[in-house]
Amino acid sequence: GLEGGAKNQFSTFSNFITTINQKKEGIGNRNSPTQLVIPNIKNVRDLPPICLDVRQKQRMSIDTLPQELKAQFPPEPSLPIRTKTVEDFQDDVEKSKASGDWKAVHSFYSTTFDSFLEINAAFKKDTSSPFNTVEDSGIDAKFVNVVYDALLNTPQDVQKSVLKGIINGLLQEWTGPRTKDDLRAYCILLQNPQFSNTSTYVIYAHLLRQIAALTEADHHFLVHWSKKISQKRFKQVVDRLLQFISLRLFPAKPEEFPPMVKCTWWIPSATKVLALFNAANSLISPPIISYTDFYNSTLDHIDLMEEYHNWQCYGNSHRFSFCQYPFIISIAAKKVIIQRDSEQQMISIARQSLVDKVSRRQKPDMNMLFLNVKVRRTHLVSDSLDELARKRADLKKKLKVTFVGEAGLDMGGLTKEWFLLLIRQIFHPDYGMFTYHKDSHCHWFSSFKCDNYSEFRLVGALMGLAVYNSITLDIRFPPCCYKKLLSPPIVPCDHNTLVGICDVTLDDLFQVMPELAHGLSELLSYEGNVEEDFYSTFQVFQEEFGVIKSYHLKPNGDKIPVTNQNRKEYVQLYVDFLLNKSIYKQFAAFYYGFHSVCASYALLLLRPEEVEILVCGSPDLDMSALQRSTQYEGYQKTDLTIRYFWEVVLGFSLDLQKKLLHFATGSDRVPVGGMADLNFKISKSETSTNWLPVAHTCFNQLCLPPYKNKTELKQKLIIGISNAEGFGLE
């Protein structure tokens with residue numbers, strides 16, 4: 001709506017920064033609270049942080065605040081009386097469209113947006129009520145939406161009057177503490193669709209700066225009010241903020257914006273406001289939008305390691321880093337950070353081994369630079385666990401696997417094969433470490449007590465090695481497992497501190513044991529007499545090796561009946577027992593094993609869902625995407641053999657497609673970046689068409705003979721991918 005007059009409009013507001021600076025200097029000469037509220041424009045470090053230090057193992061979460069902060073607020077000034085309704089406004093717009101006379105609409109917009117008081121007078125549901133609670137912002141959302149929807153279809157002078165009014169409002173609000181009406185105005189102004197246009201970014205930046213500089217108590221209200229915004233409007237605000245950050249980082253027309261050195265605070269302010277919406281989103285279950293909607297893929301193209309190292313060095317101090325706000329960094333970017341951090345650790349460990357060897361005047365050996373694992377296929381699990389236990393000091397070196405009696409050289413393919421086979425055996429029900437739940441299609445830790453939990457530690461180390469060496473695993477753990485794995489994300493120095501314990505709910509149990517969770521849900525909603533009809537106590541029973549054992553959920557639990565009054569407590573204690581307490585020793589060993597390899601500050605950047613993606617990759621195979629990204633050597637994509645190949649593969653069942661992926665790459669999982677990240681290549685094999693296809697899993701390469709017809713290609717391909725265990729040299 002503003003594209004036509006963008007240049008003229010930008011020149012209209014070109015003196016905006018100068019005006020604000022002059023206003024600020026005039027205010028600054030008086031001893032007023034303004035100096036505490038408005039930071040120095042020259043340096044972002046004056047902006048107060050609005051998220052907790054993630055180094056303290058806390059995320060930006062409004063849950064850390066009390067439900068109602070008792071802060072002293074100045075009295076609300078009396079609002080002007082405005083009686084225009086949604087219907088009145090819509091009638092005015094329709095009349096203006098028909099007659100071409102926009103005076104009434106122009107008057108409404110210029111008056112409404114001229115000050116924060118006028119914004120409240122127009123959009124507050126009841127001007128006589130204070131609306132001082134987090135539950136209700138008092139904003140007439142329908143009226144706000146109608147006014148904004150109509151705005152972009154009005155003449156340019158109407159739109160410019162709104163922006164001029166916003167400038168006036170922002171300048172007025174520099175003087176004095178914030179009221180709830182101010183917060184309401186901020187909440188309404190953030191939804192203005194005009195801020196999608198780059199010509200308004202100077203004004204938008206100052207709005208964001210004022211919001212970012214609010215107190216923690218004010219942010220608390222904004223977060224709770226924001227979660228009441230409709231999904232459509234919420235997503236629009238988030239997208240505008242992300243676009244603002246992207247275009248400030250990589251402007252299409254740099255001359256549109258002030259020089260970066262004069263507005264270093266733009267990006268930090270926008271990111272901090274985005275953090276408020278991320279916090280609001282996390283308060284709703286299910287969330288308003290997906291956590292991936294907060295990703296800014298533009299950040300994939302900046303120097304991520306510099307961001308990471310700045311954050312490591314300065315933490316959440318006055319120096320801004322995107323790593324302080326990990327929700328904005330995409331999983332692909334986080335994977336890059338973790339990979340490079342792992343590589344640096346590998347190099348450091350290998351260098352130290354070399355220095356130690358030379359300092360003892362011993363001859364260096366190339367094998368000392370790697371974690372060398374030598375196993376027999378017939379004793380895969382026992383050999384692997386023995387090797388990892390013996391070489392615990394070498395876990396952070398680059399992994400190399402050798403299968404005894406096989407001539408294959410590990411350039412990555414044998415490692416992937418080793419992980420795949422080992423995971424398959426360890427998670428087999430006969431092994432007894434994990435229980436497979438058919439209803440949820442996932443594994444969970446066996447609660448059976450044993451004398452030695454070292455095998456769980458080694459399984460954790462195995463999963464850590466996979467992440468450390470960028471290998472995806474076919475592991476089916478429920479989401480709460482990854483939540484526990486990040487509790488806390490950094491191993492505590494005090495070994496008496498509990499690890500792997502997190503807040504769990506009935507929803508978490510649904511993902512592991514849906515049938516039991518459904519029964520507990522029925523108990524919570526039961527309308528009869530729970531004590532008389534269920535006859536249960538705070539005692540649970542489990543079968544272990546054919547013996548029924550009882551456990552108390554609380555002291556003397558066998559003597560405490562479950563009633564209508566305490567059933568919520570019973571359910572919560574039961575869920576906590578199943579997912580935390582009953583498997584504490586098993587999971588603690590698993591936790592320490594994982595973190596013995598993956599001890600990195602980079603884990604602080606991850607959500608539990610992102611850890612799962614890094615460990616398991618994506619189970620969704622998009623063979624069409626693989627076709628689009630495939631490279632060819634000796635073939636053209638239009639060759640008959642290649643056309644036959646993709647017709648066959650796209651017609652395969654999911655099981656055969658997974659076998660093909662495993663045959664060609666060593667894993668049937670899709671990496672974080674999708675199929676394109678596989679760098680899959682099909683090469684022409686100058687051998688007889690009687691031969692089967694050959695794969696080089698180290699390089700994700702398939703060697704395909706020029707088969708004469710589709711039937712022969714399909715037959716040979718199925719035989720090849722169905723008998724693909726073991727390695728040899730040609």
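Let's start at proline 488, in the loop between helix 19 (479–485) and helix 20 (506–510). Helices here are DSSP runs of H or I, at least four residues; strands are runs of E, at least two; both are numbered from the N terminus. The peptide bond from serine 487 to proline 488 is cis, with omega near -5 degrees.

Some ground rules. This is a predicted model: local features need pLDDT of at least 70, side-chain atom pairs count only at pLDDT 80 or more, and totals for chains, interfaces and linings use all residues. Residues are numbered from 1 along each chain as its sequence is written, and side-chain values use heavy atoms, with hydrogens and water left out.

Next, proline 286. Serine 285 joins proline 286 through a cis peptide bond, omega near -5 degrees. That proline sits in the loop between helix 13 (266–283) and helix 14 (304–314).

Why mention these? Most peptide bonds are trans, and most residues other than glycine have a negative phi.

On to phi. Histidine 441 has a positive phi of about 55 degrees and is not a glycine. Its loop runs between strand 3 (434–437) and strand 4 (442–445). Asparagine 679 also has a positive phi, near 50 degrees. Asparagine 679 lies in the loop between helix 28 (654–665) and strand 8 (681–684).

Buried, partly exposed or exposed? Histidine 441 counts as exposed because its relative accessibility is 51%. Asparagine 679, at 48%, is partly exposed. The cut-offs: buried is under 20% relative accessible area, exposed is over 50%, partly exposed is in between, with a 1.4 Å probe and protein chains only.
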